[in-house]
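User: Please take me through the assignments in this model and set each value against its criterion.

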Amino acid sequence: VADCTGHGVPGAFVSMLGVSFLNEIVNKNKVSSAANVLNDLRLAVKETLRQTGKYGESKDGMDVALCIIDIKQNKLQFAGAYNPLYLIRNKQLTEIKADKMPIGIYIREKESFTNHELEIQSGDNIYLFSDGFVDQFGGEKGGKFKTRPFKSLLIDNSHKSMSDQGIILDQVFNDWKGSYEQLDDVTVIGIKI
């Protein structure tokens, strides 16, 4: 799941770059880890946009949650650029935190993204998402939806099929938003193992 930080034409351009670079990275290289994919993606974006950290240059980039699932080995690798991964097992949510840096130039960037490795089990639910759902204004007081209610929504419905969960998320989001304008793209991907 990727969410570009730019808007309009710059955002669309970075989106196209991201898709192109991800395809190239995955198809040309032997993918050894989710973190290496993000490291390669960050380097490609910075080089293409000529990002060096100088004043006035483009700081467009993207937030990403990326996982690699090996069903045969029951393993999952995750790396995140601001966006975490949620794993729900037996109604218990585990948050795998992302690194606090984007794909693109960043003043406090670390040398590498963190590669998280997890054992997965049949019945696990995995969620990757952008910030669009939790940042949406709505409700009676016009505030943001926020992370805690989003986690509860996922936990409460994790026993249902992914298609049913998708319908529920759409309904809750639209009810919350009400007459407020949608602020951002909303992406939630759920995977049931």
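User: How many disulfides does the structure hold?

Analyst: The structure holds zero disulfides, a disulfide being a pair of cysteine sulfur atoms within 2.5 Å. The model is predicted, so local features need pLDDT of at least 70 and side-chain atom pairs count only at pLDDT 80 or more, while totals for chains, interfaces and linings use all residues. Residues are numbered from 1 along each chain as its sequence is written, and side-chain values use heavy atoms, with hydrogens and water left out.

User: Why does Cys-4 count as buried?

Analyst: Its relative accessibility is 17%. Buried means under 20% relative accessible area, exposed over 50%, and partly exposed in between, with a 1.4 Å probe and protein chains only. Cys-4 therefore counts as buried.

User: What makes Glu-119 and Lys-75 a salt bridge?

Analyst: A salt bridge is a side-chain nitrogen of Lys or Arg within 4 Å of a carboxyl oxygen of Asp or Glu. The closest N and O atoms of Glu-119 and Lys-75 are 2.8 Å apart, and the pair forms a salt bridge. Glu-119 lies in strand S6 (residues 116-119) and Lys-75 in strand S3, so the pair ties together parts that are 44 residues apart in sequence. Strands (E, at least two residues) and helices (H or I, at least four) are DSSP runs, numbered from the N terminus. Lys-75 has a relative accessible area of 35% and is therefore partly exposed.

User: How many salt bridges does the structure hold, and what is the N to O distance for Asp-135 and Lys-144?

Analyst: The structure holds six salt bridges. Asp-135 forms one with Lys-144, the closest N and O atoms being 3.8 Å apart. Asp-135, at 27% relative accessibility, counts as partly exposed, and Lys-144, at 39%, counts as partly exposed. Glu-95, Lys-97 and Lys-151 are linked in a network of salt bridges.

User: How do you know that the length of helix H4 agrees with its number of residues?

Analyst: The expected span of a helix is 1.5 Å times one less than its number of residues. For the 16 residues of H4 (residues 162-177) this should be 22 Å, and the end C-alpha atoms are 22 Å apart, which agrees.

User: Which residues of H4 are buried, and why are they said to line one face?

Analyst: Gln-165, Leu-169, Phe-173 and Lys-177 are buried in H4. Seen down the axis, these buried residues fall within an arc of 90 degrees, so they line one face of the helix; the arc is that of the directions from the helix axis to the C-beta atoms. The face turned away from the buried side carries the exposed residues Ser-163, Ile-167 and Asp-175. The buried residues of H4 pack against strand S7 (125-129), strand S8 (137-138), helix H3 (147-157) and strand S10 (188-192), where contact means heavy atoms within 4.5 Å.

User: What makes a set of residues a nonpolar core, and which members of the largest one touch the most others?

Analyst: A nonpolar core is a set of buried Ala, Val, Leu, Ile, Met, Phe, Trp, Tyr and Cys residues joined through side-chain atoms within 4.5 Å. In the largest, which has 22 residues, Leu-38, Leu-41, Met-62, Val-64 and Ile-103 touch the most other members. Helix H1 (8-28), helix H2 (34-48), strand S2 (62-70) and strand S3 (75-81) give two or more residues each, and H2 gives the most, with seven. A second, separate core of 13 residues includes Phe-133, Val-134, Leu-154 and Leu-169.
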